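Subject: Handover of a structure

Dear colleague,

Please find below the structure that I am passing on to you. I would be grateful if you could read the notes that follow with the structure open beside them.

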Amino acid sequence: MSKLIQNGTIITASETFKADILIEGERIAAIGQNLHAPNAEWIDADRKLILPGGVDPHTHFDLPMFGTVSSDDHYTGHKAAAFGGTTTVIDFINQDFDSLKECVDAWHAKADDKAAIDYSFHMNIVNFNDDVAKQFPDLLEEGITSLKVFSAYNGVLRLDDEGIFNVLRTAAKYGMLTLLHAENGDVIETLVADALKAGNTSTEWHALTRPSWGAGEAILRVAGMAQAADASLYIVHMNTEIGADMLKYSRERGIKIMGETCPQYLFFTIDNMRQSDGAKWVCSPPMRSKEDNARLWQAVERGEMQVMGTDHCPFFFDGATPIVYEGEEIAIPGKELGKDDFTKIPNGLPAVGDRLPVMWTEGVVSGRMSANEFVAMNSTNPAKIFGMYPRKGALLPGSDADIVIWDPEKKVTHGVAHSHQRTDYNLFEGWELTGYPEKVFLRGEMIVDGDEWLGKKGGGEFLKRKEGEVL
Ligand code: URP
Ligand code: ZN
Ligand code: ZN
């Protein structure tokens, strides 16, 4: 059945205007003034804003790590995303097998029956050789056009410089984008060993053993490799002033490099990790200083940073005490695993449902960004960079009808109850927010209506992506 959304104000990455939207099936059929569709279901959006569904290019659902698993799976994480106005996510596949196709199949086996919003995958490359290089076309066949490499997590995920350079070269050959986790693995390993030897096991040492200059030098080093390889590069989860400076420096010199930060790095610091519940903030790269927060905000405000992701990788704070999720008790070992040793705290935190509501209040309502810039960073830019535009990230005839009716007046005291993330805490607990999703549509179907969940397991579609744009 067709649907007609009337009287709303449309916000795209570049324009704001009053218009009606006609949805036919899964797609937007028309956008214009006074559209007539007598047989369509009528939805009034008076005094509301109409945004394209959020695109979060950085999630980790059902990820085995630190002897446990991230606590949102591909259903609960998708549901939380939807309540926060996000209708597309991209998750990271572990390179667990020699065959990349087998790795992809393993992620599909975890995700396909559970997916409640549309989704795609990036491929982590943690082992690289000629055989792996030959398999990059297999990823393209699967619709996977982006690869993540790590300059940290020695002996587990890290590639050496030769490996990173060769991934960049091979990716460039096939029109693929390389994503970088930028820290200095050798410095971290040395400082962690020193800290443990000295008995420094408290939570803050997670940050103290991962110096911010490690991110800065890794970004510049790999930007240099991207230049030599004529490859495009995307820096994930940027958390430092020096990183933002190196991104700007490299972009000004014509390197095809783009940056993503996440809400947590704009608001929190190492001081949060010094609290008794500091493990809630443990992720890699870590929380830094007020100066880093300020420089990252500046990069966002000046358009130096292209994307707001989340790096959503939640764990329980107290995995011994169950919570109730969809009527069932559940407890998953979490941050308590590292109560005596910071190296054992699972790295990661919840954010997928928080991103749009928090960034609207703190970014748009506070006057730091326009509503159009908000749409660009949270939806249109990631859709373009990751090869999904204009199907996703756009309000255009022919685009998927992934639509958020946003109530800019709605006041919410945010937290666990609102975000629907399957964990026992929320970093933004008690924050007073103004502006919240009212209705969320996925390919024309309403999946969130206020507090009501209408989505379903298996309702999400896997997106085979094409080559993306360099912004
Ligand atoms: O601490 C984090 N961010 N965990 C997820 C893995 C990663 O490096 O993105
Ligand atoms: Zn990472
Ligand atoms: Zn991540």
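The notes below take up the domains, their contact, and then some individual features.

This is a predicted model, in which local features need pLDDT of at least 70 and side-chain atom pairs count only at pLDDT 80 or more, whereas totals for chains, interfaces and linings use all residues. Residues are numbered from 1 along each chain as its sequence is written, chains are lettered from A and ligands numbered from 1 in the order in which they are written, and side-chain values use heavy atoms, with hydrogens and water left out.

Domains and their contact

The chain falls into domain 1 (3-51 + 395-410 + 431-453) and domain 2 (54-385); these bounds come from an automatic or database domain assignment. Taken over C-alpha atoms, the centres of domain 1 and domain 2 are 30 Å apart. Domain 1 brings 29 residues to the contact and domain 2 brings 27 residues, where contact means heavy atoms within 4.5 Å.

The size of an interface is often given as the accessible area lost when the parts come together. Between domain 1 and domain 2 the buried area is about 2,100 Å², and carbon and sulfur atoms give 71% of that area. Buried area here is the accessible area (1.4 Å probe) that two parts lose on being put together, summed over both.

One salt bridge is counted between domain 1 and domain 2; the term denotes a side-chain nitrogen of Lys or Arg within 4 Å of a carboxyl oxygen of Asp or Glu. Arg443 forms a salt bridge with Asp118, and their closest N and O atoms are 2.8 Å apart.

On the side of domain 1 that touches domain 2, the elements that give two or more residues are strands E7 (49-52), E20 (403-413), E21 (432-442), E22 (445-449) and E23 (452-453). Helices (H or I, at least four residues) and strands (E, at least two) are DSSP runs, numbered from the N terminus. E21 gives the most to this side, with nine residues.

Links across the sequence

The whole structure holds 32 salt bridges. In one of them, Arg27 is joined to Asp400, with the closest N and O atoms 3.0 Å apart. Arg27 lies in strand E5 (residues 27-32) and Asp400 in the loop between H14 and E20, so this pair ties together parts that are 373 residues apart in sequence.

There are also 19 aromatic pairs in the whole structure. Such a pair consists of rings of Phe, Tyr or Trp (its six-membered ring) with centres within 6.5 Å; planes under 30 degrees apart count as stacked, over 60 as edge-to-face and the rest as tilted. The ring centres of Phe268 and Phe428 are 5.4 Å apart and their planes are at 45°, so the pair is tilted.

Backbone features

The peptide bond from Ser284 to Pro285 is cis, with omega near 0°, and Pro285 sits in the loop between H11 and helix H12 (290-301). Another cis peptide bond runs from Tyr389 to Pro390, with omega near 5°; Pro390 is in the loop between helix H14 (371-385) and E20. His237, in strand E15 (residues 233-238), has a phi near 30°, a positive value in a residue other than glycine.

Yours sincerely
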